[in-house]
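Let's take a walk through this fold together. Have the structure open and follow along.

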Amino acid sequence: MQISSIIRRAVAGVAAASMLVAVAACGTSKDNKTAGGEGGGTIEVVASINQWGSVAKDLGGSHVDVTNIMTKTNVEAHDYEPTSQDVAKFGTAKVAVVNGADYDPWASKAASATKATLVTAAETAGIKEGDNPHVWFSAKVRNNTADAITAAYQKADPSHKDDYAKLNKEWHAKEDQLESKIKDASAKTKDVPYAATESVAWYLADDLGMKDATPTGYAQASANESEPTPSDIKAFQDALKGGSIKMLVFNTQEANSTADQITGVAKSANVPIVELTEQMPKEYTNLLDWMSALVDQFAKA
C-alpha cells in the first residue's frame with residue numbers, strides 16, 4: 001500500500017482513541033440489552049469484521065446477538081476509518097472479537113476501554129504485529145479462535161455452558177470437514193508455485209501446500225505497504241510470462257493500476273487467476289462456507 005494508506009490508518013487509530021471516553025459512557029446506557037447470565041437475555045457481541053462475526057454467531061446460536069462493524073468488500077480493510085457509532089458499539093458488548101496483528105487496531109483500542117471479554121484471533125496462534133494479518137485463512141487460527149470465543153461465552157453466561165460446548169463441537173465438525181477438503185485439494189495444489197498481488201490468502205495457500213513464488217522485491221514492498229519499484233513490477237511480469245508462476249491470486253479489495261498491470265500480463269500468459277476479497281462477500285453468511293468455496297477455486301484454477 002501507499003504511504004497515504006499508513007497515514008490514514010494512524011488517523012483512524014487516533015480517532016478511535018479519542019472516542020474511548022464515550023465508549024465507557026455507552027456501557028451504562030439504559031438502552032443496553034441484557035447480557036447472558038444477567039437476567040437470561042442474550043450476550044451482546046461485537047466483531048470488528050464479518051468473518052469473525054459469523055464464527056461468533058455460529059458458536060453462540062440463539063444466546064448471542066452479534067454486531068459486525070466491517071461488512072463491505074468495496075472498502076480497503078486496512079484503511080477503514082471507524083465512525084463514533086462504530087466505536088460506541090463496543091461499549092455495550094459483553095464479548096468483543098477482533099482480528100489483531102495490526103489489522104484492526106481501532107477495534108482493539110475500543111474494546112480495551114470496556115469491560116468486554118476480548119478475543120483477539122491472531123493472538124490465539126501467537127501471530128503478532130508485523131506478521132501476515134489475514135489470519136482467518138488459517139485453519140489453526142480458526143480452531144483456536146473458536147475455542148477462545150466459546151470460553152468467553154461460558155464465562156459471560158455460565159448457565160448455558162453446556163449449550164456453548166455443544167455448539168463448539170458442531171462448529172469443529174464443520175471445520176474438520178473443511179480441513180478434509182483442503183487435504184483432498186492439496187493433491188492438486190501441493191508444491192504448485194503461485195504469486196499474489198497482495199498476500200491476503202497466504203495462510204490458505206500454505207494449508208494447501210502451495211509454494212509462494214511472488215518475486216521478492218514485489219512481496220517485500222507489499223508487506224511494507226509501499227509501492228513496488230518499476231523493476232519489481234517487471235520481475236513479476238517476466239515471471240508470469242516465463243511460466244514459473246502457475247497461478248495468480250488477486251485481492252480485488254486492493255485493486256489499483258499496479259495490480260491491473262500484473263493481472264493483465266497473467267491473462268495474456270494464460271496464467272489462471274483466483275480472485276478473492278478480504279471481507280467475506282455478501283453471498284456468504286458463514287466463514288467456513290466461504291473458505292470451502294475458495295478451496296474449490298484454488299483446486300480448479
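This is a predicted model: local features need pLDDT of at least 70, side-chain atom pairs count only at pLDDT 80 or more; totals for chains, interfaces and linings use all residues.

Residues are numbered from 1 along each chain as its sequence is written, and side-chain values use heavy atoms, leaving out hydrogens and water.

Start with the sheet: it is open, has 4 strands in the order β2-β1-β3-β4, and pairs in parallel. Because β2 (64-70) and β4 (117-120) sit at the edges with a single partner strand each, one side of each lacks a neighbour in the sheet. From one strand to the next, the twist averages 20°. Strands here are DSSP E runs of at least two residues, helices are H or I runs of at least four, and both are numbered from the N terminus; two strands pair if DSSP finds at least two bridges between them.

Now zoom in on β3 (residues 95-98), which is joined to β4 by 4 bridges. Here V98 stands opposite T120 in β4.

Next, the helices. Helix α3 (residues 50-60) lies across β1 (43-49), β2 and β3, at about 175° to β2. Helix α6 (residues 139-156) packs on the sheet too, touching β1, β2, β3 and β4, and its direction makes about 175° with that of β4. Contact means heavy atoms within 4.5 Å; axes are lines fitted to C-alpha atoms, for helices over the stretch in contact, with angles from 0 to 180 degrees between N-to-C directions.

Finally, look at E225, in the loop between α9 (216-223) and α10 (230-242). E225 isn't a glycine, yet has a positive phi of about 60°. Is E225 buried or exposed? E225 is buried, at 14% relative accessible area (buried is under 20%, exposed over 50%, partly exposed in between, with a 1.4 Å probe and protein chains only).
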